[in-house]
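Biologist: I have a new structure to look at, and I would like to learn how to read it. Could you walk me through it, one feature at a time?

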Amino acid sequence: RALFARPPPPGATAVCVDLSFYELAGEKIRDLLPAGDSLEPSSGVTADGQSGVGDAEPQLREGADGQVMVSGVATHRARTVSDLLAMLAEANGARRTAPTMRNTCSSRSHAFCVMNLP
């Protein structure tokens, strides 16, 4: 809440957060937010949150510099706390789960939430 309560950055009229949320299961990437309402349906983000060149379907790659990049993941803009919380809830609800011997709700994947403050 404090993030959206602060003054907007110079040249901006409001504070907003750009968000991508995806899961990695093995080497398969799955975007957890629908691309229909995204800013950049085929944007990519590197492991440290930097923009990358994207493809139509999410992919995991290693650049010439050895940096791992995820491409093809949609970026969404949250303009309010409610927007951000709704996106986080939607993405978390889209994660795939399956029971294991130790955990009845195991995700069997790793989720990544990348937030950028433009």
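Predicted model: local features only at pLDDT ≥ 70, side-chain atom pairs only at ≥ 80, totals over all residues.

Biologist: Where does serine 20 lie, and is it buried or exposed?

Modeller: Serine 20 belongs to strand β1. To judge burial, look at the relative accessible area: under 20% counts as buried. Serine 20 has 2%, so it is buried. The C-alpha atom of serine 20 is also separated by 6.7 Å from that of valine 73, a residue 53 places away along the chain.

Biologist: Let me step back. How many helices and strands does the protein chain have, and in what pattern?

Modeller: The protein chain has two helices and eight strands. Along the sequence, the pattern reads α-β-β-β-β-β-β-β-α-β. Of its 118 residues, 31% count as buried. Among contacts between residues at least 6 apart in sequence, 61% join residues at least 24 apart.

Biologist: How do I check a helix such as α2, and what span should I expect?

Modeller: Count 1.5 Å a residue: the 13 residues of α2, residues 81-93, should span 18 Å. The end C-alpha atoms of α2 are 18 Å apart, which agrees.

Biologist: Which residues of α2 are buried?

Modeller: They are Val81, Leu84, Met87 and Ala91. These residues cover an arc of only 135° around the axis, which puts them on the same side of α2. Here is the general idea: an α-helix has 3.6 residues a turn, so residues three or four places apart point the same way.

Biologist: What do the two faces of α2 meet or carry?

Modeller: The buried residues of α2 pack against α1, β1, β7 and β8. The face turned away from that buried side carries the exposed residues Ser82 and Gly93.

Biologist: Which residues make up the largest nonpolar core?

Modeller: That core has 12 residues: Phe4, Val15, Val17, Leu19, Phe21, Leu32, Leu33, Ala78, Val81, Leu84, Met87 and Ala91. Both β1 and α2 supply at least two residues of this core, and α2 gives the largest share, four residues. Apart from this core lies another, of six residues, among them Tyr22, Leu24, Ile29 and Val114.

Biologist: What does phenylalanine 21 touch, leaving out residues up to four places away in sequence?

Modeller: Phenylalanine 21 touches Asp31, Leu32, Leu33, Leu88, Ala91, Ala111, Phe112 and Cys113.

Biologist: How many aromatic pairs does a search of the whole structure find?

Modeller: The search finds one. To classify such a pair, compare the ring planes: under 30 degrees apart counts as stacked. The rings of tyrosine 22 and phenylalanine 112 have centres 5.4 Å apart and planes at 20°, so this pair is stacked. Tyrosine 22 lies in strand β1 and phenylalanine 112 in strand β8, so the pair ties together parts that are 90 residues apart in sequence.

Biologist: Are these two residues buried, exposed or in between?

Modeller: Tyrosine 22 is buried, with a relative accessible area of 3%, whereas phenylalanine 112 is partly exposed, at 34%.

Note on methods
Residues numbered from 1 in each chain as written. Heavy atoms only, no water. Expected span 1.5 Å × (residues − 1). Buried < 20%, exposed > 50% of the residue type's maximum accessible area, 1.4 Å probe, protein only. Arc of directions from axis to C-beta. Contact = heavy atoms within 4.5 Å. Phe/Tyr/Trp six-rings, centres within 6.5 Å; stacked < 30°, edge-to-face > 60°. Core = buried A, V, L, I, M, F, W, Y, C linked by side-chain atoms within 4.5 Å.
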